[in-house]
Amino acid sequence: MKRKNNKFNKRPQNPLNKLSLFQKNDSRFSKKCPLSGKDAPTVDYKNIKLLKRYISDTDKIMPSRITSVSQNKQRKLTSEIKKAKILGFI
Amino acid sequence: MNFYEHTLIAKQDLSTPELENIEKKYTDIITKTAGKVIKVEKWGLMNFAKKIKAYNKGFYIHYKFEAENKTLEEIKRKSVIDNSLLRHLTVKYKKLDVETEYIKEKDINEKKK
């Protein structure tokens, strides 16, 4: 009878469950960009509801490593937020 | 010819005929310098996030037009001198999105009732 050794074939999900210290950490932080893709909302200085999501309590622009916005869209976000600040929306 | 969007912020304490004069003044500037007005939106009285020149509120007027560089200089020159305006902003676009309106005018009369 064959014994199924599924336990060793599986990759560890939690980094604390690793078998040895030198095993690679597989559960990396990965998320898709919320502003790019097919049905993504348009980034515009008039779209105040969307811009307010990417701003901290003290009106600073959030870094992309927290919001996981792509590099191209982050550049566009900053320029649109600055335009909205001129008109007094934010 | 390129597409542009232009927004004005007028002072809070203006009367309605004065606001109509301002709106007419800038449409005339665009049409006189061989431009073409596509759409005019009035956003009405809105609150600022922070005070601008000691004002808490302002009237917003939004233009969408097609013009050349000459009209932009004219608009900028006139709106810097204009005493009834607080701020202004022009943005260049490759394609104008005419249909979607992010900000709609709230009827002040309905709120009072």
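Two residues are in contact if their C-beta atoms, placed from the backbone, lie within 7 Å. On this definition, A:A84 touches A:Y45, A:I48, A:L51, A:F89 and A:I90, leaving aside its neighbours within four places in sequence. The model is predicted: local features need pLDDT of at least 70, side-chain atom pairs count only at pLDDT 80 or more, and totals for chains, interfaces and linings use all residues. Residues are numbered from 1 along each chain as its sequence is written, while chains are lettered from A and ligands numbered from 1 in the order in which they are written.

**Nonpolar cores**
- A nonpolar core is a set of buried Ala, Val, Leu, Ile, Met, Phe, Trp, Tyr and Cys residues joined through C-beta atoms within 7 Å; buried means that 20 or more other C-beta atoms lie within 10 Å of a residue's own, placed from the backbone.
- The largest nonpolar core has 15 residues, and A:A84 and B:A10 have the most contacts inside it.
- At least two residues of this core come from each of α4 (71-86) of chain A and β1 (2-10) and β3 (55-67) of chain B; helices (H or I, at least four residues) and strands (E, at least two) are DSSP runs, numbered from the N terminus.
- Another core, of 7 residues, lies apart from it and includes B:Y26 and B:F65.

**Where the chains meet**
- In chain B, 11 residues are in contact with 8 residues of chain A.
- β2(B) gives the most to this side of chain B, with 4 residues.

**Chain B**
- Chain B has 3 helices and 4 strands, in the order β-α-β-β-α-β-α from the N terminus on.
- Buried residues make up 18% of its 113 residues.

Conventions
A residue is buried if 20 or more other C-beta atoms lie within 10 Å of its own, exposed if 12 or fewer, and partly exposed in between; C-beta atoms are placed from the backbone.
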